[in-house]
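Please walk me through this structure, helix by helix.

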Amino acid sequence: TCQCDAARAARALGEHDEAIRHGEAALDGALALQQPALLAKAQTALGITLRTCSQPAQALPHLRAAASGPQPSLEAVRHLAITLAELGELAESPTLFERVIHERAGTFDEAIARRDLGLALSRAGELQAAISAWMPAVSLSVQANAPALAARLYCEIASARPALGQPLRALREIEAALMLLTKLAEHDSDTRGLVLASAAAAFAESGDADSADAFFNEAIAIAAKAGDRATESLRSGNYGWFLTLVGRPRRAISLLERAIQQSEALGLQLQRAVQLDNLGLAYDALNDLPTALAQHRAALAAAEPLEHPAWTASIRASLAHTLIAAGEMDEAAALTAQVLESARSLNDNALLIRALSLNAALALRRGDAPSAELREAISLARRMEARRLLAEALALESERAAATGDAAGARTAWAEAARLYAMLHMPQAKLTPSWLAQSGP
């Protein structure tokens, strides 16, 4: 029992090796005594310790043994469910979560189990089911006077909404999370930073650039003050993406270069790959295509071995976009085909809009009229309420209309695109495309 408590205390302090040592000692002691209740407790302690130390495969047999006893603790059952979900074994974990939810109905433990069930469902791409798990947990958290959990749940729900075509509902959940900031414990800077970072991302996509900018800066400052370099790097990279979006690429480059250095030093490989891609976008905005291509290629080389198909496909889309601008059509076409295949297999609508728009851009550069791809991209972007992607597709439609002699159609499409760009504070709103000048009155 003392070793179990010592393992828990070491976990709380982030002393992973020490926690594992105590957990193993607890198991050895329990095996020597041959007391079933003590053995189950030691297996649970070691299993939780290994899982929280990023060793889910090693944790699984201990948690499974603890949860299969005659009277297993709900703690063992819940952590077994989490571990199975982390290992991608999603057939069994929802049933285990539901068992905890049923046995602890109406309590704070139910809220915790629903949080974990939602995270497992979200990881599996079942976003609507994840939201359905999380929503009752919000009410239970409020009833239990646990504003930090409620705020975090609101952020999880908000992050799932855009992929379901519900970005405006996401803003309502972010606003609810922000309302809870005044109820947080004074020392809970982690939750405060998470809420502010989530708000920054949501407001950036909605067009509230001033609020997004303020939230990004405050969230970064919180991580920096706490000495959390991984989170500081993540938020700085996201802020760099936002600065590029609103027409400040030189400032973005400075932030992104520092964030990339931090991620590399910390061994955060996927984070570094995404930040390299964002750095490429900043150079795209400066029309420095050779440097942009180099950054996108470096990002793709970093991402491909990591087996994260959604991010890899997103980076391929960025590289294809730059290749089209550079006139490298064959390589761009090959990458776009891969992006399109990934978008359909992942059921990722935002990625699908990008792939369809890339196909349309390729067709335009080759002198074809890509009306089918653009119709699908525009229709899907409208349905998803994806303003930025819709603006980009409408800009291509304007170019397509001008190329076919439809001057009125070109002006109409660009007027809508420009309005969306202006709502998002993007610099494209102030431009007059060359094809409009050439399309006649």
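Which residue with a positive phi follows helix 17? In this predicted model, that residue is glycine 327, with a phi near 80°.

Now step back into helix 17 itself. Helix 17 covers residues 309–325. At 1.5 Å a residue, its 17 residues should span 24 Å. The end C-alpha atoms lie 25 Å apart, which agrees. Helix 17 is mostly covered, with twelve of its 17 residues buried. The buried residues include Thr312, Ala313, Ser314, Ile315 and Arg316. Also among them are Leu319, Ala320, Thr322, Leu323 and Ile324. What do these buried residues pack against? Their partners are helix 15 (269–285), helix 16 (289–303), helix 18 (329–346) and helix 19.

Serine 318 sits in helix 17. Its relative accessibility is 5%, under the 20% cut-off, so serine 318 counts as buried. Leaving out residues up to four places away in sequence, serine 318 touches Asp277, Leu281, His296 and Arg354. With arginine 354 there is also a polar contact: the two side chains are joined at 3.3 Å.

Helix 15 comes next. It is one of the helices that the buried residues of helix 17 pack against. The 17 residues of helix 15 should span 24 Å at 1.5 Å a residue. Its end C-alpha atoms are 25 Å apart, in agreement with that value. Helix 15 is mostly covered too, with twelve of its 17 residues buried. Just after helix 15, asparagine 287 takes a positive phi of about 60°.

How many aromatic pairs does a search of the whole structure find? The search finds six. In one of these pairs, the rings of phenylalanine 216 and phenylalanine 242 have their centres 5.5 Å apart. Their planes meet at 35°, between the 30 and 60 degree limits, so the pair is tilted. Phenylalanine 216 lies in helix 12 (residues 209–226) and phenylalanine 242 in helix 13 (residues 229–245), so the pair ties together parts that are 26 residues apart in sequence. Ring pairs also bring in Tyr239, linking Phe216, Tyr239 and Phe242 into a cluster.

Are phenylalanine 216 and phenylalanine 242 buried or exposed? Phenylalanine 216 is buried, with a relative accessible area of 4%. Phenylalanine 242 is buried as well, at 1%. Leaving out residues up to four places away in sequence, phenylalanine 242 touches Ala204, Ala209, Ala212, Asp213 and Phe216.

Phe242 also belongs to the largest nonpolar core, which has 142 residues. Leu178, Phe203, Phe242 and Trp414 touch the most other members of that core. Helix 19 (residues 349–365) gives the most to this core, with ten residues.

Turn now to helix 8, which spans residues 127–143 and holds isoleucine 131. At 3% relative accessibility, isoleucine 131 counts as buried. Isoleucine 131 touches Ile157, Ala160, Arg161 and Leu164, not counting residues up to four places away in sequence. Isoleucine 131 and arginine 115 are 16 residues apart in sequence. In space, their C-alpha atoms are 9.6 Å apart.

Helix 3 (residues 36–52) repeats the length check. Its 17 residues should span 24 Å at 1.5 Å a residue, and its end C-alpha atoms are 24 Å apart, which agrees. The buried residues of helix 3 include Leu38, Ala42, Leu46, Ile48 and Leu50. Gln43, Thr44 and Arg51 are also among them. Just after helix 3, serine 54 takes a positive phi of about 65°.

Last, the cysteines. Cysteine 53 is buried, with a relative accessible area of 9%. Cysteine 155 is buried too, at 6% relative accessibility. How many disulfides does a search of the whole structure find? It finds zero.

Note on methods: Residues are numbered from 1 along each chain as its sequence is written. This is a predicted model: local features need pLDDT of at least 70, side-chain atom pairs count only at pLDDT 80 or more; totals for chains, interfaces and linings use all residues. Side-chain values use heavy atoms; hydrogens and water are left out. A disulfide is a pair of cysteine sulfur atoms within 2.5 Å. Buried means under 20% relative accessible area, exposed over 50%, partly exposed in between (1.4 Å probe, protein chains only). Helices (H or I, at least four residues) and strands (E, at least two) are DSSP runs, numbered from the N terminus. A polar contact is a pair of N or O atoms within 3.5 Å; within protein, one must be able to donate a hydrogen and the other to accept it, and residues adjacent in sequence count only if both atoms are side-chain atoms. Contact means heavy atoms within 4.5 Å. A nonpolar core is a set of buried Ala, Val, Leu, Ile, Met, Phe, Trp, Tyr and Cys residues joined through side-chain atoms within 4.5 Å. The expected span of a helix is 1.5 Å times one less than its number of residues. Rings of Phe, Tyr and Trp (its six-membered ring) pair if their centres lie within 6.5 Å; planes under 30 degrees apart count as stacked, over 60 as edge-to-face and the rest as tilted.
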